[in-house]
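User: Hi! Could you walk me through this one with me? I have a few quick questions.

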Amino acid sequence: MTFNEKYKDNALLIKTFNFALNIIDYTNELQEQKKFVIANQLLKSGTSIGANSKESQNAESKADFIHKLKIAIKEADETEYWLFLCDAHSEYPNCKRLLNDLSEILKILNKIISTSRRN
């Protein structure tokens, strides 16, 4: 069974997993261009979003669930910063699709947290 098959009903996990795969591809491209520092930063923060979202699925309480998703948002914010740098610099590969995907993920995370707080 694949990740996408196992979590097909969880839009957040699917989106963050696929985003992580795209981050891996993008950072591989950066490493080929010897842009190691930003590649490493992006690889860590960009894959952490999904890892923290996945971890939230086994939260011990609602507060723990929200806390883990807030960590995912922090990682997403860091990833957004690195991608904005790449987007602003002419010598870096295009990352607009990653920025668009990340925007969707942030909206989902924020919606889940706001809904969880109300319930």
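User: Is Lys 68 buried or exposed?
Analyst: Keep in mind that this is a predicted model. In it, Lys 68 is buried, because its relative accessible area is 13% and the cut-off for buried is under 20%.

User: Which residue forms a salt bridge with Lys 68, with the closest N and O atoms 3.0 Å apart?
Analyst: That's Asp 64. Both residues lie in helix α4, four residues apart, or about one turn of the helix. Asp 64 counts as buried too, at 18% relative accessibility.

User: Nice. How many salt bridges are there in the whole structure?
Analyst: Four. One of them pairs Glu 104 with Lys 15, at 3.0 Å from N to O. Glu 104 is in helix α5 and Lys 15 in helix α2, so the pair ties together parts 89 residues apart in sequence.

User: Switching to α5, what covers its buried residues?
Analyst: The cover includes α2, α3 and α4. Among the buried residues of α5 are Leu 98, Leu 102, Ile 105 and Leu 109.

User: Last one: how do α2 and α4 cross?
Analyst: Their axes come within 13 Å and cross at roughly 35°, in a left-handed crossing. By class, their contact has eight nonpolar, one polar and no charged residues.

Notes. Residues numbered from 1 in each chain as written. Predicted model: local features only at pLDDT ≥ 70, side-chain atom pairs only at ≥ 80, totals over all residues. Heavy atoms only, no water. Buried < 20%, exposed > 50% of the residue type's maximum accessible area, 1.4 Å probe, protein only. Helix = DSSP H or I, 4+ residues; strand = E, 2+ residues; numbered from the N terminus. Contact = heavy atoms within 4.5 Å. Axes fitted to C-alpha atoms, helices over the stretch in contact; angles between N-to-C directions. Left-handed = near helix turned anticlockwise from the far one by under 90°. Nonpolar A, V, L, I, M, F, W, Y, C, P; charged D, E, K, R; others polar. Salt bridge = Lys/Arg side-chain N within 4 Å of Asp/Glu carboxyl O.
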